[in-house]
Amino acid sequence: MNIVAAAQEDYPEILAVWEASVRATHDFLTEDNIQFFKPLILKEYLPAVDLYCAKDETGRIHGFLGVAEQNIEMLFLAPESRGRGLGKLLVNFAVAELGSVRVDVNE
């Protein structure tokens with residue numbers, strides 16, 4: 001798995017990972033909430049952070065990380081990629097390479 005800076009061309013696939021991840025883990029969000037946030041994620045939230053993707057050898061995105069001002073603002077994994085150490089890999093990258101010292105967590 002390679003961690004690479006995201007390009008704007010990656011945004012549609014990143015959004016798909018976000019939606020799949022949210023549906024698998026964020027049971028506090030309604031369908032209306034998800035539909036409300038989708039355009040905001042794409043047009044406002046992704047461009048507002050330093051964005052990195054975890055891509056496999058085929059270029060498929062399995063997870064992504066967004067950092068702003070040394071704060072991990074977003075970390076999402078494709079449901080089928082959970083439990084394989086990918087989240088830890090992304091967090092370690094954020095700390096070691098981006099100097100992250102804080103994380104924002106949804107309750």
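Glutamine 70 lies in the loop between β3 and β4, where helices (H or I, at least four residues) and strands (E, at least two) are DSSP runs numbered from the N terminus. The model is predicted, so that local features need pLDDT of at least 70 and side-chain atom pairs count only at pLDDT 80 or more, while totals for chains, interfaces and linings use all residues. Residues are numbered from 1 along each chain as its sequence is written, and side-chain values use heavy atoms, with hydrogens and water left out.

With a relative accessible area of 42%, glutamine 70 is partly exposed, a class between buried (under 20%) and exposed (over 50%), for a 1.4 Å probe and protein chains only. Glutamine 70 touches Gly99, Ser100, Val101 and Arg102, residues up to four places away in sequence not being counted; contact means heavy atoms within 4.5 Å. Although 31 residues separate glutamine 70 from valine 101 in sequence, their C-alpha atoms are 5.7 Å apart. The side chain of glutamine 70 also reaches the backbone oxygen of glycine 99 at 3.1 Å.

Asparagine 71 stands opposite arginine 102 in β5. Helix α1 (residues 11–25) packs on the sheet, touching β2 (50–55), β3 (61–68) and β4, and its direction makes about 95° with that of β3. Such angles run from 0 to 180 degrees between N-to-C directions, with axes fitted to C-alpha atoms, for helices over the stretch in contact.

The open sheet has five strands in the order β1-β2-β3-β4-β5, with mixed pairing. Because β1 (2–5) and β5 (102–103) each have a single partner strand, one side of each is left without a neighbour in the sheet.

Notes. Two strands pair if DSSP finds at least two bridges between them. A polar contact is a pair of N or O atoms within 3.5 Å; within protein, one must be able to donate a hydrogen and the other to accept it, and residues adjacent in sequence count only if both atoms are side-chain atoms.
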